[in-house]
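Biologist: I'd like to go through the aromatic contacts in this one. Can you put it up and tell me how you define a pair?

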Amino acid sequence: MRGMKLGRWLTSVLFLIVATVNNAVGAFVGVNIGTGVTDLPSASNLVAILTAHQITHVRLYDANEHMLQALSKTGIEVIVSVTDEEILGIGKSASVAAAWISNNVAAYMPFTNITAISVGSEVLTSVPKVASVLVPAMNHLHKALVASNLNFRVKISTPQSMDIISRPFPPSTATFNSSWNSTIYQLLQFLQNTNSSYMLNAYPYYGYTKGDGIFPIEYALFRPLSPVKQIVDPNTLFHYNSMFEAMVDATYYAIEAFNFNNIPIVITETGWPSFGAVNEPDATEKNAETYNNNLILRVLNGSGPPSQPKIALNTYLYELFNEDKRKGPVSEKNWGVFYANGSSVYPLSFSGSNLSNGNSLGSFCVAKDDSDTDKLQAGLSWACGQGQANCVAIQPGRPCYSPNNVKSHASYAYNDYYQKMHNAGGTCDFDGTATTTTEDPSYGSCIYAGSANSSIGGRSSSSTAIGLGPISPVGVGAGLNLQVSTFQYLISSISVLSALMMS
């Protein structure tokens, strides 16, 4: 009997450690899994598609038992959802909440790596009649997690749309719709008290198509903006290189208006439809490919929006498959990035690594020795921000952090940008602070992009994929909440399991 308990204990600890390592990953892009698909694969085949494409973060719109069983022992981080229809009962009854946690969360852990619960979907705008019980439902669920000793491991939040924010531009003056003040205050208080993230559904597609031409299409698709089209917040003078970042920042400012400053945002939905009706001319395969590829590059950069540069933009793409059963316009059925057989709807660069395989240029881009420090810093910031260079390797503890000076860091960032973007028109100038060289600037374990050894060393983080991002350069934000929670849960679980083993 004691041997059987010991075996179970060791197995549980093993999977907890796997989950811990998974959670230690920083910036990531995950995917939503909708089920309105005529030829939806079986749960096991669906998980096979996820693993084949190295997708390690998923959000379910329910708590389907077949999916949760199929996800067991994969290490994939899972957000399960309370459906809109379930909120009322859970909000009114703590016992209903306890049963929901027992049946849909506790029953599958630790082997299924459930890390969060999303309560409803855009409740305040889609089902306002249950808004009054939204936060009570979240509180009941949290108490049930505490009773199950899972509150350190599993976080609770509720996704909201941008529609609850009045006048999102300029971001610095954005506020929540005052008609929801009471509910939003309760929600933010809950998120802060439970160390949880604000879940945001942000769709530049709608921001652009409903914007009556106010913003250029380049702004919505993460494309470079010409000098005459720069988007600047007149109050903060922050430059916004994408509508996506402006939407996230608007939400941060709206939260700040309620005097809450330590609630990170995770983007639970974003994407672009690949096909639409005649009256939906912007729903094209080309635009969808551009948006999602640029989004992945931006998120895996590891930095946050202008107002919160140290908080990663962790994001879940909407969505895995085209949902042909969905009602509404044609575009509503065409947000998927894969077909049901696992093939891609369009080319999708999961990590951006294919943008710099080898060095076809025969040269590297580095900082000039006599460059002005302020100009170098400005160039470094641009390369790691708008330029979408992968700057993870120059963060503390990473291979290219030392020597810790702006010239060295700028050289790495300049070169990463140059190797990726040269064929698309990117240059090695950076306001006169950069120059090209044929001499490989790599040193020690710091391997520059384009180096003959770029498959090892500093660029090894390019193995990142959807749901598997580089180590965050900052170590704070939505990822940190789960990382800390994981270790707390691991410690508490080992204590409980040790007690079982000794009994």
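Modeller: Rings of Phe, Tyr and Trp (its six-membered ring) pair if their centres lie within 6.5 Å; planes under 30 degrees apart count as stacked, over 60 as edge-to-face and the rest as tilted. This is a predicted model, in which local features need pLDDT of at least 70 and side-chain atom pairs count only at pLDDT 80 or more, while totals for chains, interfaces and linings use all residues. Residues are numbered from 1 along each chain as its sequence is written, and side-chain values use heavy atoms, with hydrogens and water left out.

Biologist: How many aromatic pairs are there in the whole structure?

Modeller: The search finds 23. Take Phe176 and Phe258: their ring centres are 5.9 Å apart and the planes are at 55°, so this pair is tilted.

Biologist: Where do Phe176 and Phe258 sit in the chain?

Modeller: Phe176 is in strand S8 (residues 175-176), and Phe258 is in the loop between helix H11 (243-256) and strand S12 (265-270), 82 residues apart. Helices (H or I, at least four residues) and strands (E, at least two) are DSSP runs, numbered from the N terminus.

Biologist: What about Phe222 and Phe244?

Modeller: Also a tilted pair, because the centres are 5.8 Å apart with planes at 45°. Phe222 has 7% relative accessibility, so Phe222 counts as buried. Phe244 is buried at 0%.

Biologist: Which cluster do ring pairs link Phe222 and Phe244 into?

Modeller: One that includes Tyr203, Trp272 and Trp335.

Key: Buried means under 20% relative accessible area, exposed over 50%, partly exposed in between (1.4 Å probe, protein chains only).
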